[in-house]
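Reader: I have just opened this one and have not looked at it before. Could you walk me through it while I ask a few things?

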Amino acid sequence: MTEPDLTSPAPAEPALATHRERYGLLLGAIIVAFAIQGIAEPGKIEEILVAVLLGATLLLALWVADAKPRVMGVAVLIVAALILISIIEAASGGVGGGATRIANALLVALAPPAIIVGVLRSLRARQAVTLEAVFGVLCVYILLGMFFASVYGTIDRFGGNPFFAGGQTATVARCLYFSFASLTTAGYGDFTARSNLGHTLSVSEALLGQIYLVTVVSLIVANLGRSRPRASEE
């Protein structure tokens with residue numbers, strides 16, 4: 001019986017499952033969800049459409065990140081329930097109901113950690129920075145802006161006073177606009193926060209957005225295509 005050749009290179013690791021490598025698809029879904037919320041006017045059909053889109057994007061994020069089947073099963077049930085509630089709210093004449101807000105909160109709270117875990121798994125398995133990793137960190141960046149927009153809307157809803165200093169209604173579209181203007185440090189000035197809490201959050205978002213770009217995104221892009229050297233085996 002021949003002994004194995006210890007000098008031969010170790011067999012390559014099996015390729016990652018295809019669903020772990022679809023961050024480009026997820027990035028497109030997040031951009032569509034952002035665009036629809038930013039453009040659509042409050043309405044019954046729009047509320048249902050946004051709830052379906054947010055729920056589908058959340059499920060896609062968990063699937064891409066290779067979430068456990070039990071987690072996926074629970075997520076499917078929750079998304080289905082939220083869509084059903086949004087339909088009931090629309091049928092009863094409600095606009096801007098809780099189902100869409102909950103779906104948005106779940107997306108911005110659960111999707112980023114799942115994406116980060118999935119990207120780290122991909123980097124560890126491939127030992128190289130791929131284009132999918134770039135798509136993944138960009139997904140987190142956009143979700144970060146959507147997260148702060150959700151926080152601003154929550155403050156307006158439960159804070160007792162309008163969130164904006166000019167007294168404008170804090171619609172989803174306006175909160176997204178203000179959030180990404182802060183995140184990108186565009187600072188147009190047509191919408192400003194009223195309270196000290198709003199001021200602190202908007203400045204924190206601006207700082208976080210810039211730090212994320214100059215550290216995480218720039219590091220990933222700078223190492224795109226570079227492979228990590230493996231330790232030689234004796």
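Reader: To start, how much accessible surface does the protein have, and what share of that belongs to carbon and sulfur atoms?

Author: Bearing in mind that this is a predicted model, the accessible surface of the protein comes to about 13,100 Å², and carbon and sulfur atoms account for 67% of that area.

Reader: And what percentage of the residues count as buried?

Author: The protein has 234 residues, and 38% of them count as buried.

Reader: Okay, switching to the fold: how many helices and strands are there?

Author: The secondary structure consists of 7 helices and 0 strands, so that the pattern read along the sequence is α-α-α-α-α-α-α.

Reader: What about contacts between residues at least 6 apart in sequence, how many of those join residues at least 24 apart?

Author: Of the contacts in that group, 75% join residues that are at least 24 apart in sequence.

Reader: Back to the surface, then: which residues form a nonpolar patch there?

Author: That patch is formed by Val-203, Leu-207 and Ile-211, which together have about 290 Å² of accessible area. Leu-207 lies in helix α7, which covers residues 196-222.

Reader: Why does Leu-207 count as exposed?

Author: Leu-207 has a relative accessible area of 53%, and it counts as exposed because the cut-off is over 50%.

Reader: Now Pro-113, where is that one?

Author: Pro-113 sits in helix α4, residues 98-126, and with 43% relative accessibility it counts as partly exposed. Its C-alpha is 9.7 Å from that of Ala-61, although Pro-113 and Ala-61 are 52 residues apart in sequence.

Definitions and conventions. Residues are numbered from 1 along each chain as its sequence is written. This is a predicted model: local features need pLDDT of at least 70, side-chain atom pairs count only at pLDDT 80 or more; totals for chains, interfaces and linings use all residues. Side-chain values use heavy atoms; hydrogens and water are left out. Patches are made of residues with over 30% relative accessible area and no salt bridge: like charges are joined within 9 Å, nonpolar side chains (Val, Leu, Ile, Met, Phe, Trp, Tyr) within 5 Å. Accessible areas come from the Shrake-Rupley method with a 1.4 Å probe; for residues, only the protein chains shown count as cover. A salt bridge is a side-chain nitrogen of Lys or Arg within 4 Å of a carboxyl oxygen of Asp or Glu. Helices (H or I, at least four residues) and strands (E, at least two) are DSSP runs, numbered from the N terminus. Buried means under 20% relative accessible area, exposed over 50%, partly exposed in between (1.4 Å probe, protein chains only). Contact means heavy atoms within 4.5 Å.
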